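Work through the exercises below with the structure open. Try each task before reading its solution.

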Amino acid sequence: MAEKYILNMITQRAFEEGVAMEIGKTSPEYFDACNIIEMNEQDMKKLGILKNTNVRVTSESGQVVVKAVVGRQTVYPGLCHIRQGVWANQVVPPRTQSTGTPQYSGFPVTVEPAPEEKLKTALHLVQGAVGMWKGEE
Amino acid sequence: MPKVYENVGCPYCGCSCDDVRVTVSDDGKKVLEVENVCAIGTEIFKHGSSEHRHRLPRLRQPDGSMKEISYEEAIEWTAQHLYKAKKPLMYGFGSTNCEGQAAAARVMESAGGCLDNCATICHGPSFLAIFDNGYPTCTLGEVKNRADVIVYWGSNPAHAHPRHMSRYSIFPRGFFTGKGQKKRTVVVIDPRYTDTANVADIHVRVKQGHDYELFDAFRMVMHGHGDDLPDVVADVPKEQILQVAEIMANARFGTVFYGMGLTHSDGRNHNIDIAISLMRDLNKVAKWTIMAMRGHYNIAGPGVVWSWTFGFPYCLDLTKKNYAHMNPGETSSVDMAMRDETDMFINIGTDAGAHFPIPAVQHLKKHPWVTIDPSVCMASEISDLHIPVCICGVDTGGIVYRMDNVPIQFRQVLDPQGLLTDEELLNKIADRVDELNAQGA
């Protein structure tokens, strides 16, 4: 991967995410529902990413490791999607264009293969970000 | 004998479905069966009788663990911190009843802080556009009974409002729409081929973040300048724009339902105000209405309650004590968090820990953080104090406002087993803050 390839990220709802959230944010269901990035197959080939392997997503305000999948609700090449929630909000830029509403959809990210990286739980990410995580790194 | 409750309200999305049937065990403590509700709503009722629910407040200890305390101690802790704080912020309210929202207004008026609701990160840009341009809307029954053209623009009800299409917009057979779906034309405008697009007659695949250009193109057609369009606008071919514009102009009654695709993308409120301008253009030749796909079952509630209390729907600055101020770029939760302008955060009926961008959470966490929520969530797990309360629509009833601002009376189906409602808790906190103010005066 020589050149830098910028993707456009959106974060939106999914039925599975809604169900999992109501089961509980610390549940395995929430973990499975939300720590994925949906990408176009062409982009995955271009970036050397295999389906269902972990990738590192980096934006201007943070980074997160999630699992790359081809979603049923297809995105066109150049667009990618993480379901709203803890993983998405690690990379959502807080800039609001003076409206109070952060840039939840339409911000630039880079995605690189990271098959050896581990996925972190929701608690690990949020408590880790505020210096309260007491588990293993 | 298990009790069956009819006409129960579902406390999840802005559809606020009120045709749910819930069967509860004879001791009133366990939900046995839920009917007529989507899978997400089902989980809420199941969660209501979970053994894992906390029944007492928990206070963070010096070693980082959480220890159970009494409601009285939690109320005292919160009131003392509110009294000491210079500019506390209370945020949330998507998931509580209007009675709780009115009590919260009382607390923050006494404490002299800021009061904000989830609209700020959701349909707040819609409010800004409505201030600028008006809101030609209708109730959902009008759509069911009259609409022959439905546009979902930047919204995905198949996933976010699961029973919206079957209750209000596409499938029901209404008074003037006896043929149901067969006589309705459904257009979905979205960058993704969503499950909603899969149901639609026409999918307009717009380039993400370029809805403004597409609205502009539609308005050009409505004003008679369709010939001057470029061949492609926002990745949409001119022929498709002309085709959809013709369907819109020939509608007997049309409705645009829009969502986060417009409010979260570049332009924010301007995407909405041009949508409203398009409605004005269309109403010269047809009948058109627009509706925000409000998220939580009662996120329209704080807008209504605080409008009749203070005159402003969200982003309220009550620090001046005798007059309120509102300016979202300045007084919104995320903007204030990012500028580190608050010195106490109360998370109520929401989960800022999970749903704010993480830099905003890091700023807020520098100061005391109280979470008032029925469940364990990210906010409760990073807070100094977690106060559990009743789930509206499950352990307590109350008024909620549906996405079209129609009030619905929700019912209680479970025994609250000692839990306070938001209203009871907040009134006790307000009483104590009033006492402290009187002593300090």
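Predicted model: local features only at pLDDT ≥ 70, side-chain atom pairs only at ≥ 80, totals over all residues.

**Charges**

Task 1. How far apart are the mean positions of the positive and negative charges of chain B?

Solution. Start with the counts: chain B has 43 positive and 54 negative charges. Then take the mean position of each set.

**Overall form**

Task 2. Why does the radius of gyration of chain B agree with that of a compact globule?

Solution. Begin with the length, 441 residues. For that length, a compact globule would have a radius of gyration near 22 Å. Chain B has 23 Å, so the two agree.

**Inside and surface**

Task 3. What percentage of the residues in chain B is buried?

Solution. Buried means under 20% relative accessible area. Of the 441 residues in chain B, 62% are buried. Next, turn to the surface. Chain B exposes about 15800 Å², and 50% of this area comes from carbon and sulfur atoms.

**Elements and domains**

Task 4. Which domains make up chain B, and where do they run?

Solution. First count the elements: chain B holds 19 helices and 21 strands. Domain 1 covers 3-46, domain 2 covers 56-121 + 297-440, and domain 3 covers 124-292.

Task 5. How many residues of domain 2 of chain B are in contact with domain 3 of chain B?

Solution. Look at the centres: those of domain 2 and domain 3 of chain B are 34 Å apart. Then count the contacts. On the domain 2 side there are 11 residues, which touch 14 residues of domain 3.

Note on methods: Residues numbered from 1 in each chain as written. Chains lettered and ligands numbered in written order. Heavy atoms only, no water. Helix = DSSP H or I, 4+ residues; strand = E, 2+ residues; numbered from the N terminus. Rg over C-alpha atoms; globule rule 2.2 N^0.38 Å. Buried < 20%, exposed > 50% of the residue type's maximum accessible area, 1.4 Å probe, protein only. Areas by Shrake-Rupley, 256 points an atom, 1.4 Å probe, with all protein chains shown as cover. Lys, Arg positive; Asp, Glu negative; His and termini not counted. Charge placed at Lys NZ, Arg CZ, Asp CG, Glu CD. Domains from an automatic or database assignment. Contact = heavy atoms within 4.5 Å.
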